[in-house]
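Below is a briefing on a two-chain model, arranged by topic. Please read it alongside the sequence and the coordinates.

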Amino acid sequence: MTSRRGFLGGAGAAAGALAALGAPSMAHANAMPFFGPHQSGIATPQQSHVFFAVFDLTTDRRDDLIGVMRDWTLASALLQAGLPVDHFGHDPAEPDSGEAIGLNPARLTLTFGFGPELFTYQGKDRYGLAARRPAALVDLPVFPGDQLQADKTGGALMVQACADDPQVAFHAVRQLARIADGAVTLNWTQAGYSSAAPNGGTPRNLMGFKDGTMNPNTADPKAMAASVWVGPEGPAWMQGGSYMVARRIRIALQHWDQMKVAFQEQVVGRHKRSGAPLGKTSEFAPLELDATDADGNPVIPANAHVRLGAPAVNDGVEILRRSFSYSEGVSFTAERWPPWRQAMEYNAGLLFICYQKDPRGGFIRIFGPMSRLDALNQFTTHEGSGIFACPPGAAKGGYIGQALFDAA
Amino acid sequence: MRRCLKSSALKSFWCALPIALAVGASPPAGAETTGSYLAGLHRHELLGSMIPANGDQNPYAIFVAPVSSGAIKAGDVLVDNFNARSNDQGTGTTIMDYNPATKQASLFASIPAKLDGCPGGVGLSTAMAMLKSGWIIVGSAPSTDGTTKTLGQGCLIVLDSNGKVAGTITGPEIRDPWGNMAVIENGDAASLFVSNVGFGIGAPGQAPVRQATVLRLDLKIPDGKPPVVTRRTVIGSGFAAQPDASVFLIGPTGLALSGDGTLYVSDAIGNRVVAIGEAATRTDSAGTGREVSAGGMLKRPLAMAFAPNGDLLVINALNGQVVEMDPKSGTQRGAQWIDSDAAQNPPGSGDLFGIAMAPDGKGFYYVEDDANTLMLAE
């Protein structure tokens with residue numbers, strides 16, 4: 001079907017609005033810049049909410065896809081500035097849905113990624129991009145314990161909307177979906193939250209532990225270049241971009257809540273309150289993985305989560321984790337570990353999101369052994385999954401992914 | 001005695017009481033054993049994951065290779081998996097090979113899920129042995145849906161030392177070979193002891209059925225050819241077995257043969273260990289044998305092995321302990337938490353299954369089904 005959105009009609013008005021963005025008076029204190037060498041929402045200090053959405057494409061026309069990316073780029077710049085996107089869409093009588101009117105931008109960032117299905121879908125090269133699929137955009141291997149559900153897995157276009165206001169984040173995705181109606185269809189979504197203490201610091205996940213202590217320093221360009229941003233080893237259109245792996249991980253919280261804290265700490269390998277490695281007092285104390293007790297048993301257990309994720313046992317690999325918790329009702333669940341609990345349980349867990357310069361040496365390298373050995377696996381089940389190539393940021397006048405389409 | 005010190009080894013605490021003397025259980029005067037074996041063990045080392053590339057899990061049987069042959073080196077630890085990637089019990093088809101020298105585990109055998117001569121399919125059980133002639137024999141207690149509702153008859157599968165299927169052994173005496181095997185080898189002849197737990201078993205919810213057997217298979221091993229069964233003798237019968245929604249099947253599991261020809265059998269439902277005398281030579285059934293020890297620290301006993309001091313080591317199903325007992329007197333000397341994973345209650349419940357002594361006698365191998373790993377206690 002034809003997917004003509006209001007791209008052309010909206011462009012002029014949008015361009016005017018964008019031009020106005022340059023004026024200092026237009027810049028809201030809580031507005032994150034959209035244009036730049038890297039997409040926002042990766043190195044950006046983590047917001048409190050995410051609305052994660054994965055779309056499939058319903059058009060076979062390359063121009064439609066390019067139109068979507070142009071529209072989304074322009075619209076995103078406005079949305080991140082806290083402006084409505086009335087001028088995009090099929091019908092001027094169907095403007096911005098409006099629920100963000102009067103709200104500040106809440107540090108909204110919109111980050112886009114291309115899934116394997118963009119390059120090849122059911123064996124078909126719909127957009128002449130198959131030859132441009134980066135080697136690093138592999139199909140994720142099947143990991144032990146995976147219970148991936150088709151309605152929470154894969155997809156062609158990914159939008160990560162992060163903001164300090166959940167309504168702002170959801171609003172942004174709704175607008176993008178509205179604008180691209182006829183060309184895209186929602187595949188799966190996941191809302192999430194991440195609450196850091198008022199004084200900052202590493203946020204805690206639903207298991208009550210700090211999550212992200214060993215992240216690379218996002219303020220350090222060298223650290224980011226070493227582990228997150230694609231460099232000259234990647235195709236030109238991806239340089240300055242990054243690869244996202246997303247996993248929807250259900251956590252058996254009722255089971256976890258029955259566990260003694262000391263046991264939880266053995267599972268994680270850190271003290272719960274301080275976040276310090278076992279036997280230490282400071283969250284950022286180095287992991288002494290070789291430390292043993294009098295019997296020669298390791299102080300940080302051999303299958304503790306923190307050990308298996310440590311760069312020291314993963315060829316020095318670091319990935320940038322940017323995860324959010326979710327909780328959304330209950331459902332009947334049969335756990336897959338002794339004692340095989342079967343009960344109505346929370347649909348809750350972690351939308352694990354990580355960025356890296358190459359998933360083969362990043363998530364896959366780390367999670368391979370982890371999926372086999374991690375003591376935490378007794379409480380976690382991976383139900384959703386996606387891998388996406390997130391191109392570099394766009395310059396004003398350009399659009400996200402432009403170098404891919406220009407090259408192909 | 002130390003109690004519940006913070007563990008280092010695993011995910012929880014080792015209630016490090018390496019030995020917990022049972023109330024009123026002191027070694028009997030004149031016992032052959034001179035001290036507790038478990039008391040000398042303090043380290044619990046994670047050797048590796050037993051999950052192969054196909055995602056099989058739930059490791060059950062452990063057998064230490066007696067010789068080098070084909071792909072196997074003497075001392076390698078063979079471990080089979082009872083579950084496929086789906087985590088359905090009775091569907092696992094793989095055997096892993098852990099090499100202690102290289103500290104690497106690799107896939108040894110991947111058996112077709114459907115095998116002519118193995119009624120009901122393949123789900124590899126705790127019954128596994130390697131003969132000095134290089135042949136591996138492994139039991140199948142298969143299901144198609146992960147429960148005994150679809151329990152098949154199963155079989156014994158014969159593999160060569162490169163992991164290729166060389167044949168199957170089946171017949172009316174063989175019904176879901178289950179427990180760890182005991183083996184006698186004598187040149188080109190051998191005897192295998194295996195429990196059969198599937199007789200009369202239906203869907204979960206069924207009351208215990210007292211039809212499980214212990215079968216002795218006498219084998220002839222022609223030079224370069226797979227073993228041939230020359231005689232089948234039911235030497236134990238009337239053991240209780242029961243289907244279970246969580247753990248699939250409960251029945252006689254541990255078989256350990258002592259030097260005097262007595263076969264010790266763990267009667268899981270009876271929560272006891274019994275003995276069948278003259279196991280290698282008898283031509284009739286001893287019924288459920290003579291009770292050696294019951295209750296106490298036993299919590300649904302599973303696989304068993306003899307320690308170098310002559311004591312029996314008995315794996316518990318309902319906690320993470322291994323129990324040491326004097327087989328002569330039945331005295332339970334103590335127990336050690338070898339899996340104190342507090343994700344289960346009691347810790348380690350449902351996690352343990354197989355056990356095999358390390359060739360140097362300094363420790364033993366065991367599996368942890370909560371983590372799908374092979375462990376070494378030493």
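Residues 1-10 of chain A have pLDDT under 50, and the model gives them 26 contacts beyond four places in sequence. This is a predicted model, so confidence is taken up before geometry. The ipTM is 0.79 and the pTM is 0.85.

**Confidence by chain**

- Chain A has a mean pLDDT of 92, with 93% of its residues at 70 or more.
- For chain B the mean pLDDT is 90, and 91% of the residues reach 70 or more.
- Within chain B, residues 1-33 have pLDDT below 50, yet this stretch makes 90 contacts in the model beyond near neighbours in sequence.

**Chain A: overall fold**

- The secondary structure of chain A consists of 10 helices and 9 strands.
- Chain A has a radius of gyration of 22 Å, which agrees with the value near 22 Å for a compact globule of 408 residues.
- Along the principal axes, the C-alpha atoms of chain A occupy a box of roughly 75 × 50 × 45 Å.
- Of the 408 residues in chain A, 50% are buried.
- When contacts in chain A between residues at least 6 apart in sequence are considered, 79% of them link residues at least 24 apart.

**Chain B: overall fold**

- Chain B has 25 strands and 0 helices.
- A box of roughly 55 × 45 × 45 Å, taken along the principal axes, holds the C-alpha atoms of chain B.
- Buried residues account for 57% of the 378 residues of chain B.
- Among contacts in chain B that span at least 6 places in sequence, 57% join residues at least 24 apart.

**Nonpolar cores**

- In soluble globular proteins, nonpolar side chains tend to be buried together.
- The largest nonpolar core contains 110 residues, and A:Leu108, A:Ala161, A:Ala169 and A:Tyr243 have the most contacts inside it.
- Helix H2 (residues 62-80) of chain A supplies the largest share of this core, 9 residues.
- Beyond four places in sequence, A:Ala161 has contacts that include A:Val50, A:Phe51, A:Leu108, A:Leu110 and A:Ala169.
- The contacts of A:Ala161 also include A:Ala172 and A:Val173.
- A second, separate core has 106 residues, among them B:Val79, B:Phe82, B:Met181 and B:Phe248.

- A:Phe388 is part of strand E9 (residues 380-390) of chain A.
- A:Phe388 counts as buried because 28 other C-beta atoms lie within 10 Å, and the cut-off for buried is 20 or more.
- Leaving out residues up to four places away in sequence, A:Phe388 touches A:Gly113, A:Phe114, A:Gly115, A:Met158, A:Tyr243 and A:Met244.
- One of these contacts, A:Tyr243, is also listed among the residues with the most contacts inside the largest core.
- A:Phe388 and A:Asn187 are 201 residues apart along the chain, and their C-alpha atoms are separated by 14 Å.

**Interface between the chains**

- The contact involves 28 residues from chain A and 29 residues from chain B.
- On the side of chain B that touches chain A, strand E1 (residues 44-49) of chain B gives the most, with 3 residues.
- The residues on that side of chain B divide into 16 polar, 8 nonpolar and 5 charged.

**Backbone details to inspect**

- The peptide bond between B:Asn345 and B:Pro346 is cis, with omega about -5°.
- B:Pro346 sits in the loop between strand E22 (332-337) and strand E23 (355-357) of chain B.
- A:Asp315, a residue other than glycine, has a positive phi near 55°.
- The loop between helix H8 (305-309) and strand E6 (320-321) of chain A contains A:Asp315.
- A:Asp315 counts as exposed because it has 9 C-beta neighbours inside 10 Å, where the cut-off for exposed is 12 or fewer.
- B:Glu278 is also other than glycine and has a positive phi, near 50°.
- B:Glu278 is placed in the loop between strand E17 (272-276) and strand E18 (290-294) of chain B.
- With 14 other C-beta atoms within 10 Å, B:Glu278 is partly exposed.

Definitions and conventions
Residues numbered from 1 in each chain as written. Chains lettered and ligands numbered in written order. Predicted model: local features only at pLDDT ≥ 70, side-chain atom pairs only at ≥ 80, totals over all residues. pLDDT = per-residue confidence, 0-100. Contact = placed C-beta atoms within 7 Å. Helix = DSSP H or I, 4+ residues; strand = E, 2+ residues; numbered from the N terminus. Nonpolar A, V, L, I, M, F, W, Y, C, P; charged D, E, K, R; others polar. Core = buried A, V, L, I, M, F, W, Y, C linked by C-beta atoms within 7 Å. Rg over C-alpha atoms; globule rule 2.2 N^0.38 Å.
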